[in-house]
Amino acid sequence: MLNGDRHVRIYQFTHVSEVGRNTVPDTGANWKPVFKGQDMYFITMSETIWSNSSYTAQDRQVADQMGQRWSDFVKTGQVANWDTTSQQNYNYCNLNTQATQQAHSKPGYVKQENGINPKMGLSVSLRLSPLSYDIHQ
């Protein structure tokens, strides 16, 4: 993005699921956070993880939608309801059963007080690392 890449897309995975939950510490019955990396189970559809998890029709729906989004991007470079982000317009897709496009006027860095993001309601912020690859060596 910092090097002029106009095809950067960011997502936040917020689908609460039992898929893969047996691979993380138990947080108790009343708190089921979406854990880091859980989105990968929905992208890759690991048979080992899915066969050892109690999954729902909504879990399958999210996995199907994510697979469709990734394959659309690979085939065409475009994804429905998921705009690119830039330094001027920080757009991201909130991926769950009803995936929605989100936008902020400032790219990625919403002011936080006491660790709570006032716009998102969570202490988690989504940030980009400025990576660049020169494939024209």
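The model is predicted: local features need pLDDT of at least 70, side-chain atom pairs count only at pLDDT 80 or more, and totals for chains, interfaces and linings use all residues. Residues are numbered from 1 along each chain as its sequence is written, and side-chain values use heavy atoms, with hydrogens and water left out.

The chain has three helices and three strands. Helices (H or I, at least four residues) and strands (E, at least two) are DSSP runs, numbered from the N terminus. Read from the N terminus, the order of elements is β-α-α-α-β-β. Of the 137 residues in the chain, 28% are buried. Buried means under 20% relative accessible area, exposed means over 50%, and partly exposed lies in between (1.4 Å probe, protein chains only). The chain exposes about 9,400 Å², and carbon and sulfur atoms supply 51% of this area. Accessible areas come from the Shrake-Rupley method with a 1.4 Å probe; for residues, only the protein chains shown count as cover. A contact means heavy atoms within 4.5 Å. Among contacts with a separation of 6 or more, 51% join residues 24 or more positions apart.

The strands come next. Two strands pair if DSSP finds at least two bridges between them. Strand 1 and strand 2 run parallel and are joined by three bridges. Within this pairing, F13 has L95 of strand 2 as its bridge partner. Strand 2 and strand 3 (residues 100–104) run antiparallel, with five bridges between them. Here Y92 is bridged to Q102 in strand 3. A hairpin of four residues connects strand 2 to strand 3.

Strand 2 is largely enclosed by the rest of the structure, because six of its six residues are buried. Both of its faces are covered. Y90, Y92 and N94 are buried on one side, and N91, C93 and L95 are buried on the other.

N91 lies in strand 2. Its relative accessibility is 12%, so N91 counts as buried. The side chain of N91 reaches the backbone oxygen of T84 at 2.8 Å. This is a polar contact, defined as a pair of N or O atoms within 3.5 Å; within protein, one must be able to donate a hydrogen and the other to accept it, and residues adjacent in sequence count only if both atoms are side-chain atoms. Neighbours within four places in sequence aside, N91 is in contact with I10, D83, T84, T85, Q101, Q102 and A103.

Q102 belongs to strand 3. Its relative accessibility is 27%, so Q102 counts as partly exposed. The side chains of Q102 and T100 make a polar contact at 2.8 Å. Residues up to four places away in sequence aside, Q102 touches Y90, N91, Y92 and N94. The C-alpha atoms of Q102 and W82 are 8.7 Å apart, and the two residues are 20 apart in sequence.

A search of the whole structure finds eight aromatic pairs. Rings of Phe, Tyr and Trp (its six-membered ring) pair if their centres lie within 6.5 Å; planes under 30 degrees apart count as stacked, over 60 as edge-to-face and the rest as tilted. One of the pairs is Y11 with W70, which is edge-to-face, at 5.4 Å centre to centre and 80 degrees between the planes. This pair links distant parts of the chain: Y11 is in strand 1 (residues 11–13), W70 is in helix 3, and they are 59 residues apart. W70 is partly exposed, at 28% relative accessible area. The pair of F13 and F42 is tilted, because the ring centres are 5.3 Å apart and the planes stand at 45 degrees. F13 lies in strand 1 and F42 in helix 1, so this pair ties together parts 29 residues apart in sequence. F13 and F42 are both buried. Ring pairs link F13, F42, W50 and Y55 into a cluster.

Most residues other than glycine have a negative phi. M45 has a positive phi, near 55 degrees. M45 sits in the loop between helix 1 (38–44) and helix 2 (47–51). At 30% relative accessibility, M45 is partly exposed. N81 also has a positive phi, near 60 degrees. N81 sits in the loop between helix 3 (57–76) and strand 2 (90–95). N81 is partly exposed, with a relative accessible area of 41%.
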